[in-house]
Amino acid sequence: MLVSLEGLPGSGKSTQGRLLEHRLRSKGLAVAYLPDLATLDTDDVGTTLVEIFSSSDDPFLRHGDVVTECLLAAAVRADIVATRIEPALDRHDVVIEDRGVHTMFSYGLGSLIRQHAVDVDEAVSWLDGLGRLAGRRADVVLWLSAPVSVAIARAEARDGRRWTGEQRAYLTFVDLAYQELAARDAGMVRVSTAGQAPEAVHAAVWKAVAAQLKRSANATSARG
């Protein structure tokens, strides 16, 4: 089973990923946790793609052209699926990824909404096509939804730097994009983190993951 944690910087993805990893291992499952691009080791092709993707020196990996950004994101995603996610799934019961394909969707859609007079349904359809080319998607998609101001404050405190007004404004469009995606994708589980302690958020995360584990077990029994 592949689980992805999605959300704005500072929404608690890394914290919830580690809590979920520990919970699943306590159940006797073999678990792999894949961190985000900042710390994820990749093969030579993946490293080159990430270097190109990161060459803009923008914290959101923007290059001034949303098509370029989305195509680069899809290429990076395809490489990660082939070299990290699929091999990890072969060796583990559950793989947790910090940011999955819906991160690519949300940042791409946020830029499209902000920069172009796009039809949101058409934009989502285009991004969905790129996502399918990039490979396997998560079985459980958990969107950790935090107020933009709260997420920014957490991320700034974590990274030790202050974002510009433009960068802050951009994240409001990314948050809007997550809302648009969730409205169109019944498979996205929205977990509100507003005013919640990590343990309370984890309870909601675990509820969604446990439900998928149960469905998977029932499907396996039915096949048997």
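**Charged pairs and a helix**

Author: Start with Arg-158. Its relative accessibility is 54%, so Arg-158 counts as exposed, the cut-off being over 50%. Keep in mind that this is a predicted model.

Arg-158 has a partner. Its side chain meets that of Asp-159 in a salt bridge, at 2.9 Å from N to O. Asp-159 has a relative accessible area of 35%, so it is partly exposed.

Why might such side chains pair? Side chains of opposite charge can do so when their charged atoms come close. The structure holds 12 salt bridges. Some form a network: Arg-18, Glu-21 and Arg-25 are linked in this way.

Now take Arg-77 and Glu-97. Their side chains meet in a salt bridge, 2.7 Å from N to O. This pair links distant parts of the chain. Arg-77 sits in helix H3, Glu-97 in strand S3 (residues 94–98), and 20 residues separate them. Arg-77 is buried, and Glu-97 is buried too.

Next come Arg-114 and Glu-166. Their closest N and O atoms are 2.7 Å apart, in another salt bridge. Here too distant parts of the chain are linked: Arg-114 lies in helix H4, Glu-166 in helix H7, 52 residues apart. Arg-114 is partly exposed, with a relative accessible area of 30%. Glu-166, at 36%, also counts as partly exposed.

Stay with H7, which covers residues 165–184 and includes Gln-167. Gln-167 has a relative accessible area of 12%, so it is buried, the cut-off being under 20%. Leaving aside residues up to four places away in sequence, Gln-167 touches Asp-58, Pro-59, Phe-60 and Arg-62.

H7 leads on to helix H5. H3, H4 and H7 are among the elements that cover the buried residues of H5. Those buried residues are Val-120, Ala-123, Val-124, Leu-127, Leu-130, Gly-131 and Ala-134. Down the axis of H5 they fall within an arc of 120°, so they line one face of the helix. On the other side, Glu-122, Arg-132 and Leu-133 are exposed.

How far does H5 reach? It has 15 residues (120–134), so at 1.5 Å a residue it should span 21 Å. Its end C-alpha atoms are 21 Å apart, which agrees.

Look at both ends. At the start of H5, a side-chain oxygen of Asp-119 comes within 3.0 Å of the backbone nitrogen of Asp-121. Just after H5, Gly-135 takes a positive phi of about 115°.

Notes
Residues numbered from 1 in each chain as written. Predicted model: local features only at pLDDT ≥ 70, side-chain atom pairs only at ≥ 80, totals over all residues. Heavy atoms only, no water. Helix = DSSP H or I, 4+ residues; strand = E, 2+ residues; numbered from the N terminus. Buried < 20%, exposed > 50% of the residue type's maximum accessible area, 1.4 Å probe, protein only. Contact = heavy atoms within 4.5 Å. Expected span 1.5 Å × (residues − 1). Arc of directions from axis to C-beta. Polar contact = N/O pair within 3.5 Å; in protein donor to acceptor, adjacent residues only side chain to side chain. Salt bridge = Lys/Arg side-chain N within 4 Å of Asp/Glu carboxyl O.
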